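Please read it alongside the sequence and coordinates.

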Amino acid sequence: MTARNITIKRRWSHIVLPSGMILTIPPDDNLAQVTVSDEVDPYATSATQQFPLGTKLEYGPEVYRYALEGGVGVEIGALCQSVVPLAGHINEVCGSSAVEATTLDFTPKVVTTDNLAENELAQGYVYIYDSTGEGAKYRIKSHPAIVGAVSGTLTLYDPIRIATSGLLATVIHNKFRKFIIHPSPPTATPCGWTVTAVTADYYCWLQTKGPLCSLIDSGGSAVVMGQPCVPSAEDDGAVQIFDPDVATEPNAGVVGWIMEIGADAGGAAATYGFVDASLE
Amino acid sequence: MTARNITIKRRWSEVVLPSGMIVTIPPDDNLKQITVNDDIDPYQESATQEYPLGTKLEYGREIYRYALCGGTGVEIGALCQSVVPLAGHINELCGTTTIGDTTINFYPKVATTDDLAENELAQGYIYMYDATGEGAKYRIKSHPAITGASAGVLTLYDPIRLATTTGTTKATVMHNKFRKFLIHASNPTATPCGWTVAAVTADYYCWLQTKGPVTALIDGTVVMGQQVRPSEDDDGAVAAMDYDEATRADLGAVGWVMEIGADAAGGAATYGLIDARLE
């Protein structure tokens, strides 16, 4: 077996805290120091990163994921989505790599627009879109700033399994990096609900499973107790009834079940319903 | 950081039993004694509570949640639902609080109908429906009996994060999802919460299966390899999911058909096998 390219070992763990919370910390070589106190507050936010993105926190029936807000700030009880992949990061040129190599060159398409800050893709993925080696995905560990549509080297956690040569690859940010309130309809994967107001560019916990407060869109048809809900096609951050009879809207996919119906959010924080989230 | 208001600590755990079962026990200050034996029988029921509601039991690909049956017993293989929130518990007045408080007053609306027995809402939630403090949820730890539409004090696990104001803030209280479940009405009237895997006596504690292969009452013709939803005809049964079927598909997919069984016709007739997907 080929070992993962992980430098810091025996720190990433699965811990039951005295309060009964369960914390699962994934490997992240870029986070030199992770401090686990006796308790973790899923409602706290911070300007500095405390856990790897995607760290999982279970608190009874609730599951949370550690995430970074995307630069605007998000209100409480809002369904959020991942950042939208840039067109110039999809189906672009990547370098040649032999089996077991742990680096891969990637060339974004457009100067400026597709520039990548240092480690912007860390904990994200590069996957081989087409040709030799196609279908394989690799988790990204780190990279320098990549600017001016020139090639940059991605260091991977996962060694290359199928040799690549002059291929086309796509890079994807970590799902929980720079989340935004979901537009209506959403334009990227739903990744969780805010459980407190989140300041722009702050780290926080998004709730992905279990009971939570949610903005409700009952403007078209009212949501129904005990039935599923999907992201709203009209109100950013809200959920609406899952009704397959309505064209396109149910295609957004079920994100939870209605425990209490609340009332129409009217596009902003009006009143809240209660949803049993099912994003994982 | 504000600490959770949890008195009993270092007891709530995740344990791999000798049999390979994994039990995950959430915090519950009201349960003074929990005994974890070498084996847990997910098919057994009991008159007394042995674990916190919602305790998770993984047994290979199957997942079970610890639950309390409502006042009517439920047959084997029936899809169940949570208790329906009372109208007089929704959008009602709550008391003034400041940040860090671990108690809040709640006013049920109607005398008698909306009365609450002691700790009836324990392990449930109060959430701020509207106005000051809106959008925040708090897990309920305990409360006295609340009767006569007068205020009762809810003690919370989660300290108040957004202050609330009497006469302004409106709150809703929710029972624990696994407390007093009932066979799902057709159509369901609250969130589906799992299948019975044995006949359950009224007011007994048991395990409901939420994931993995489970025997289920079947309504009509379901299709192998396709999804099912709660039945609109037969309480506790599942029916074929047809996304073109007006309103029925709105009930939501709850699993995938592994074996089709036959029509339950409203009772325990024959059973199919479903790959449950409630979590």
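Where in chain A is Pro185(A) found? Pro185(A) sits in the loop between strand 12 (177–181) and strand 13 (190–194) of chain A; strands (E, at least two residues) and helices (H or I, at least four) are DSSP runs, numbered from the N terminus.

## Basis of the model

This is a predicted model, in which local features need pLDDT of at least 70 and side-chain atom pairs count only at pLDDT 80 or more, while totals for chains, interfaces and linings use all residues. Residues are numbered from 1 along each chain as its sequence is written, and chains are lettered from A and ligands numbered from 1 in the order in which they are written.

## Chain A overall

Chain A has 18 strands and 0 helices. Its C-alpha atoms fill a box of roughly 55 × 50 × 35 Å along the principal axes.

Of the 280 residues in chain A, 50% are buried. A residue is buried with 20 or more other C-beta atoms within 10 Å of its own, exposed with 12 or fewer, and partly exposed in between, the C-beta atoms being placed from the backbone.

## Interface

In the interface, 37 residues of chain A are in contact with 39 residues of chain B (C-beta atoms, placed from the backbone, within 7 Å). Strand 14 (203–215), strand 17 (256–260) and strand 18 (272–278) of chain A are the elements that each give two or more residues to the chain A side.

## A sheet in chain B

In chain B, 6 strands form an open antiparallel sheet in the order 6-11-8-9-10-7, where pairing requires at least two DSSP bridges between two strands. Strand 6 (92–93) and strand 7 (103–106) of chain B are at the edges with a single partner strand each, so one side of each has no neighbour in the sheet.

Strand 8 (125–130) and strand 9 (137–142) of chain B pair over 3 bridges. Tyr127(B) has Lys137(B) in strand 9 as its bridge partner.

## Backbone geometry

The peptide bond from Ser184(A) to Pro185(A) is cis, with omega near -5 degrees. Another cis bond joins Ser186(B) to Asn187(B), with omega near 0 degrees.

Gln123(A), not a glycine, has a positive phi near 70 degrees and is buried, with 24 other C-beta atoms within 10 Å. Lys178(A) has a positive phi of about 65 degrees, lies in strand 12 of chain A and is partly exposed, with 17 C-beta neighbours inside 10 Å.

Technical notes. Two residues are in contact if their C-beta atoms, placed from the backbone, lie within 7 Å.
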